[in-house]
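Hi,

Here is the structure I promised you. Please open it first, then read my notes below.

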Amino acid sequence: MGSDCLFCRIAAGEIPATIVRETDTTLAFRDLAPKAPVHVLVIPKEHYADVATLGQGDPKLAGELLATAAAVAEDEGLLGDGFRLMFNTGTYGGQEVFHVHAHLLGGAPLGPMLVRNVA
């Protein structure tokens, strides 16, 4: 991907991040605007726009991304009480950075998954 992708630049080490886990193919780092006591973003180092593209294009890498998320959840002490792993996909899904990333959230009760705001 071009140099304008924020997460590609983080994966390349061009932009600093608080890294909590790194593998040959994935990177996990703390979100700068956390929505829970634990809020870690888990990305593949290779650029895929969203989780659907990743799942169709490289199912093995999608599995590695999930394995990294599970390892971070364990490292962060979230396995006992639980956690949420969420992929926002596309504009309607709330995706803001178009490099696939999982939000690993936990450390406190998270409440309902969606707040319905229908006019």
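**Cores, a buried glutamine and pockets**

Leaving aside its neighbours within four places in sequence, Leu-54 is in contact (heavy atoms within 4.5 Å) with Tyr-48, Pro-59, Leu-61, Ala-62, Leu-65 and Val-100. This is a predicted model, where local features need pLDDT of at least 70 and side-chain atom pairs count only at pLDDT 80 or more, while totals for chains, interfaces and linings use all residues. Residues are numbered from 1 along each chain as its sequence is written, and side-chain values use heavy atoms, with hydrogens and water left out.

Leu-54 also belongs to the largest nonpolar core, which has 16 residues. A nonpolar core is a set of buried Ala, Val, Leu, Ile, Met, Phe, Trp, Tyr and Cys residues joined through side-chain atoms within 4.5 Å. Buried means under 20% relative accessible area (1.4 Å probe, protein chains only). Val-40, Val-42, Leu-54 and Leu-104 have the most contacts inside this core. β3 (38–44), α3 (59–75) and β5 each supply at least two of its residues. Helices here are DSSP runs of H or I with at least four residues, and strands are runs of E with at least two, numbered from the N terminus. The largest share, 6 residues, comes from α3. A second, separate core has 8 residues, including Cys-5, Ile-10, Phe-29 and Ile-43.

Now look at Gln-95. Where does Gln-95 sit? Its place is the loop between β4 (83–87) and β5 (102–106). Gln-95 is buried, with a relative accessible area of 7%. A polar atom of its side chain lies 2.7 Å from the backbone oxygen of Ala-49. The side chain of Gln-95 also reaches the backbone oxygen of Val-97, at 3.0 Å.

Last, the largest pocket. A pocket is an open set of points on a 1 Å grid over the protein atoms alone where a 1.4 Å probe fits, with protein on both sides within 12 Å along at least five of seven lines; lining residues have an atom within 4 Å of a point. The largest pocket is lined by 27 residues. Asp-31, His-39, Leu-41, Glu-96 and His-103 lie nearest its centre. α1 gives the most to this lining, with 3 residues.

Best wishes

Definitions and conventions: Buried < 20%, exposed > 50% of the residue type's maximum accessible area, 1.4 Å probe, protein only. Polar contact = N/O pair within 3.5 Å; in protein donor to acceptor, adjacent residues only side chain to side chain.
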